[in-house]
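Q: I'd like to learn how to read a model like this one, feature by feature. Can we put it on screen and go through it together?

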Amino acid sequence: MTKYLFEATYVGEGIKGLMREGGTRRREALVKALESVGGSLESFYYAFGDTDVLGVFEVPEQSDAAALALMINSTGSVRVRLRPLMEPEDIDAAAQKTPVYRPPGQ
C-alpha cells in the first residue's frame, strides 16, 4: 500500500458544511471514503491559513488515490492535493538506478 500526504482547503459551500457538521463528522466521511477503496486513515489534522486539513492515508493502488482526489475535487466544496510518500529504502533503491537523461539544449 502507498501512503499519501493530503492537504485540503474548504471552499464555498464546503466551509458552510464544515461549520454545520463539525470536524469529527468530516473526518468520519473521509474514513468511509477511504474504506470504500480499501484504504485507511493514519492521521488527520485541522489547520488554518492556506490549508484547512492535512494528514496521511494509505490506499492499495495509485488509481484509488486518483479516484478519491477526482471525486472530492469534483464536488467543488473541497480542493484536495495529494503527495505520495516514500520510505527511506525507496530512495536507496532509486539512488541505485541510472536513468538516461539529456538536459534541454544539450
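Q: In which sense do β2 and β3 pair, and over how many bridges?

A: First, the ground rules. This is a predicted model, where local features need pLDDT of at least 70, side-chain atom pairs count only at pLDDT 80 or more, and totals for chains, interfaces and linings use all residues. Residues are numbered from 1 along each chain as its sequence is written, and side-chain values use heavy atoms, with hydrogens and water left out. Strands (E, at least two residues) and helices (H or I, at least four) are DSSP runs numbered from the N terminus, and two strands pair if DSSP finds at least two bridges between them. Here β2 and β3 are antiparallel, over 6 bridges. Leu41 has Phe57 as its bridge partner in β3, and Ser40 has Glu58. The two strands make a hairpin with 6 residues between them, and Gly49 in the turn has a positive phi of about 120°.

Q: How many bridges join β1 to β3?

A: There are 7, and those strands run antiparallel. Thr2, for instance, has Val59 as its bridge partner in β3.

Q: How far can I trust the chain, and where is confidence lowest?

A: The general idea: where pLDDT is low, the predicted coordinates should not be read in detail. pLDDT is the predictor's confidence in each residue, from 0 to 100. In this chain the mean is 96, and 100% of the residues reach 70 or more. Confidence is lowest in α1, at a mean of 94, and highest in strand β2 (residues 40–46), at 98.

Q: How many aromatic pairs does the structure hold, and how do I read one?

A: A pair of aromatic rings is described by the distance of the centres and the angle of the planes. Rings of Phe, Tyr and Trp (its six-membered ring) pair if their centres lie within 6.5 Å; planes under 30 degrees apart are stacked, over 60 edge-to-face, and the rest tilted. The structure holds 4 such pairs. Tyr4 and Phe57 are a stacked one, 5.6 Å centre to centre with 25° between the planes. That pair links distant parts of the chain, with Tyr4 in strand β1 and Phe57 in strand β3, 53 residues apart.

Q: Why is the pair of Phe44 and Tyr46 called edge-to-face?

A: Because the ring centres of Phe44 and Tyr46 are 5.2 Å apart and their planes sit at 80°. Tyr4, Phe6, Phe44, Tyr46 and Phe57 form one aromatic cluster.

Q: Is Tyr4 buried or exposed?

A: Buried means under 20% relative accessible area, exposed over 50%, and partly exposed in between (1.4 Å probe, protein chains only). Tyr4 is buried because its relative accessible area is 5%. Phe44 is buried too, at 14%, whereas Tyr46, at 37%, counts as partly exposed. As for β3, 5 of its 7 residues are buried.

Q: Which residues lie nearest the centre of the largest pocket?

A: A pocket is worked out on a 1 Å grid over the protein atoms alone, as an open set of points where a 1.4 Å probe fits, with protein on both sides within 12 Å along at least five of seven lines; lining residues have an atom within 4 Å of a point. In this structure, 26 residues line the largest pocket, and Arg26, Ala29, Leu30, Ile72 and Val78 lie nearest its centre. Among the elements that each supply at least two lining residues are α2 (23–35) and α3 (62–74).
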